[in-house]
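Colleague: I have not worked with this structure before. Could you take me through it one part at a time?

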Amino acid sequence: MSDFEELSEKVIIGDFKGSAELTVKLLKEGKSAMSILNEGLLKGMSVVGEKFKCDEYFIPDVLLSAKAMEDAMTFLKPELLKQIKPGHEQDRIVIGTVLGDNHNIGKNLVKTMLEGAGYEIIDLGINISPESFVKAALNYQPRIVALSALLTTTMVNMKNTIDSLRNNPSTKNIKVIVGGVPVTQEYADRIGADGYSEDAVDAIDLVKNLLKK
Amino acid sequence: MKLEINEKNNERIRIAEMLGQPDKVPVDFGLGSQFNFLSGWLNLDGRKYFCDPEYMLDAQIKFIKRFNVNGVLGPNMGLAVEPSAFGARIFISKDQGPWAEPKINTIDELKNYLDNYKEPDPYTAGNYPLFYSIYFYMRERLGDEMLPKPMGMLGPIDTACNVVSTSNAMLWIRTNPDLMHKLLGKITDFLLKVLEVKVELFKPTDNDLGVFDDNTGFFSEADFKEFVIPYVKRIYDSYCSKDSRKVFHSDAPLKHVAHLLPEMGVNVLISFDPKTDIAFFKEKIGDRVCLKGNVHPLKIMRNGTPVMVKEECKRQIEAAKKNGGYVLTTGGELTNGTPSENIDAMIEAAEEYGAY
C-alpha cells in the first residue's frame, strides 16, 4: 500500500489521529500538499461518499471520516495557502443552513470538502435568514452561496433566500447551490438554484463546473 | 366547550392501532397538523402560537373542524420542552417552529457538564411549566375527556442532539461513546421522572406512550442497537403495560432498522420514513406494528395535485391495508403550503379505496 493509499484508508475508517500523523510525516518527507490532498484525503472521502450512497456508511461514519480529513487539513492548509499565487486568490464561498434549521452536518461536511479543494469558506452557521445571507453576500462578495437544509419544513427558506439574493442588484448574479436530505435536483431547478449537490463529495465537482462558466 | 370529532374515524384508528381490521382504513393527522402546516394555512404568528394556549387551541380546533378528522390537539411545543430542561436555549420566531441552540459545544464542555450534573426538576425545568399550563388551559376549555393526555415525548437521541448539536452527538458516539452513554442515560432518567409528573398532573387512564426520535434513523444498525434501543426500550418498559400502544416516530430512513423496532417495544409506527415504500414495512413488521403513514409530505402532499395525492394514497392503501393494522397519513408532518385540497384528497382516498 502506498503512503497515499494508506492515508485514504485512514480517512475511510475515520482514524483521525492516524490521518493527521501521516499527513505530517508525508509533508516532512517532501510530498506536495496538493498530492497529499488529492491522492490521499479527497480520494478517501470519495470512497466514504460512495459508501454513504449505498447505505454502507451512515452519518456517524461520515462525520468520523470528515474529522479524519479535517484534522489532517489542520497541517495541510498552511502549505496549500503558500501555493496560491498572487492574483489567484482563493474563490470564496459563503455557506449556511437556512432559517429555522439548526442542523449543520451537511453544511460542515461540504465546508470540509470545499476547503480541502482549495476554496475559502465563510461559514455563517445555522438558522440563517435570507436577509443575513444577502448581508453576507454583500460583505464578502463570494462567487457562490451554498444553502443547506435538513428538514422539509425549512427547505422552503431556500427559495426565500434565492429570491432575496436575486432581488438585490449587487447579489443577483452570485451563483447559489443547494443541498440537504430532503432536497432534490427537481426542487433545486424549481426554486431557481444554479446547482444541486446530492452529497459533500459531489459538491466539489459542482462548484468547479459552476465557476468555469 | 363541545368539540365535534369524527368518532367513527377515531374508532377505526383505535382498532388499527391494536392491529385489528376496522371496516375502513382511517386517516390520522394526530401528528401531522402541527405549527409548520397551521402557520401557513392560518397565517399564524409562532410567537403567539407557542406561548398563548388560546391561540394554539383555536388553530388546532380549526383544523379538526375543517377536515373532520383528528389532528394535533393539546400542548404542541415541538422541540421547545425536553432540550430546554437541559439548558438548551430555545428560540421561537414568528414564522418558524421552536428550535434549540445547543448548550454544549465541545467534548470538554460535555465532560464538565456530566461531572457537575444536577438532574433538572421535572416540574419546573425549562419550558415544562409552560407546557403544563397550556395543557391545564386546554383542559379547562375542552374538558378532561375530550383532550388527549400529552404523554408523548421527544426521545433521548433527539433530546441529546438538541443539547450538544446533532453533528456532535453523531460524532461523539464514535469518539466518546462512554460519555454519550452517560448523557443518554441521564436524559432517559429525567424523561422517566417527567412521565411520573405527567401521570400525577394529567391522570391518564392508560399507559400508552409516544416517543418521537427523528435522528435515530441516521444511525447504522449497530449504532441503533447500542445507542437507541436500550434507552427507548427502558422508557417503554418502565411506563407501559403489555397492552399499551407504544408509539414511535422518526421520518428519517428506517428501512435498515425496521426489523429492530418490535424488539425495542414499538407496536405503532407513526409518520415514518417517506422515502421507503410502505409495502416494505408491511412485509417486514406489519404483523406486529401498526403502520401509520407514509405518504411523502413534500413531494406528494405539498407539491402534488389532488389527483396525484389520491393515486399515491390508493397505492399505499392497497399495499398496506391487508389484515388491518394500518392507518393512512403522511410520512412526516404536513408542511407549510400544503393545499387544503390535497388533504381533502387523502381523506377521500381513504373513503373510496379503504373499505375492507
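**A first walk through the model**

Colleague: Let us begin with H3(A). At which residue does H3(A) bend, and by about how many degrees?

Modeller: Please keep in mind that this is a predicted model. The bend in H3(A) is at Leu42(A) and amounts to about 30 degrees.

Colleague: What span should the 21 residues of that helix have, and how far apart are its end C-alpha atoms?

Modeller: Helix H3 of chain A covers residues 33-53, and at 1.5 Å a residue it should span 30 Å. Its end C-alpha atoms are 28 Å apart, which agrees with that expectation.

Colleague: Which residues of H3(A) are buried?

Modeller: Among them are Ile36(A), Leu37(A), Gly40(A) and Leu41(A). Further along H3(A), Gly44(A), Met45(A), Val48(A), Gly49(A) and Phe52(A) are buried too.

Colleague: And what covers the buried residues of H3(A)?

Modeller: The cover includes helices H1 (3-13), H2 (16-28), H4 (59-82), H5 (105-116) and H9 (200-212) of chain A. Just after H3(A) comes Asp55(A), with a positive phi of about 60 degrees.

Colleague: You mentioned H5. Is Val110(A) in that helix buried or exposed?

Modeller: Val110(A), found in helix H5 of chain A, is buried, because 29 other C-beta atoms lie within 10 Å and 20 or more is the mark for a buried residue.

Colleague: What is Val110(A) in contact with, leaving aside its neighbours within four places in sequence?

Modeller: With those neighbours left aside, Val110(A) is in contact with Ile95(A), Ala146(A), Gly179(A), Ala200(A) and Ala203(A). As for Val62(A), 48 residues from Val110(A) along the chain, the two C-alpha atoms are separated by 12 Å.

Colleague: H9 of chain A was also on your list. What about Asp205(A), buried or exposed?

Modeller: Asp205(A) sits in helix H9 of chain A. It is exposed, because it has 12 other C-beta atoms within 10 Å and 12 or fewer counts as exposed. The C-alpha atoms of Asp205(A) and Gly116(A) are separated by 13 Å, while the two residues are 89 apart along the chain.

Colleague: Now the strands. In what order do the 5 strands of the open sheet in chain A come?

Modeller: The order is E2-E1-E3-E4-E5, with parallel pairing. Strand E2 (120-128) and strand E5 (195-196) of chain A are the edge strands, each pairing on one side only.

Colleague: How many bridges join E3 to E4 in chain A?

Modeller: Strand E3 (residues 144-148) and strand E4 (residues 175-179) of chain A run parallel and are joined by 5 bridges. Opposite Leu147(A) stands Val178(A) in E4(A).

Colleague: On to chain B. How many helices and strands does it have?

Modeller: Chain B has 17 helices and 8 strands. Its C-alpha trace spans about 60 × 45 × 40 Å along the principal axes, and 53% of its 356 residues count as buried.

Colleague: What radius of gyration would a compact globule of 356 residues have, and what does chain B have?

Modeller: A compact globule with 356 residues would have a radius of gyration near 21 Å, and chain B has 19 Å, which agrees. Among contacts in chain B between residues at least 6 apart in sequence, 71% join residues at least 24 apart.

Colleague: Which strands of chain B does E4(B) pair with?

Modeller: E4(B), residues 209-212, runs parallel to strand E3 (residues 153-154) of chain B, with 2 bridges between them. Leu154(B) stands opposite Phe212(B) in E4(B). E4(B) also runs parallel to strand E5 (residues 246-249) of chain B, with 4 bridges, and there Val211(B) has Phe248(B) as its bridge partner.

Colleague: Which residues in chain B have a positive phi although not glycine?

Modeller: Lys203(B) is one of them, at about 50 degrees, and Ser271(B) is another, also at about 50 degrees. Lys203(B) lies in the loop between helix H10 (177-202) and E4 of chain B and is exposed, with 9 other C-beta atoms within 10 Å. Ser271(B) lies in the loop between strand E6 (268-270) and helix H14 (278-285) of chain B and is buried, with 27 such atoms within 10 Å.

Colleague: Finally, how many residues does each chain give to the contact?

Modeller: The contact takes 22 residues from chain B and 21 residues from chain A. On the side of chain B that touches chain A, strand E2 (99-101), helix H9 (166-175) and helix H15 (297-302) of chain B each give two or more residues. H9(B) gives the most, with 6 residues. By class, that side of chain B has 9 nonpolar, 11 polar and 2 charged residues.

How values were computed:
Residues are numbered from 1 along each chain as its sequence is written. Chains are lettered from A and ligands numbered from 1 in the order in which they are written. This is a predicted model: local features need pLDDT of at least 70, side-chain atom pairs count only at pLDDT 80 or more; totals for chains, interfaces and linings use all residues. Two residues are in contact if their C-beta atoms, placed from the backbone, lie within 7 Å. Ala, Val, Leu, Ile, Met, Phe, Trp, Tyr, Cys and Pro count as nonpolar, Asp, Glu, Lys and Arg as charged, and the others, Gly among them, as polar. The expected span of a helix is 1.5 Å times one less than its number of residues. The bend at a residue is the angle between axes fitted to the seven residues ending there and the seven starting there. Two strands pair if DSSP finds at least two bridges between them. The radius of gyration is taken over C-alpha atoms; the globule rule is 2.2 Å times the number of residues to the power 0.38.
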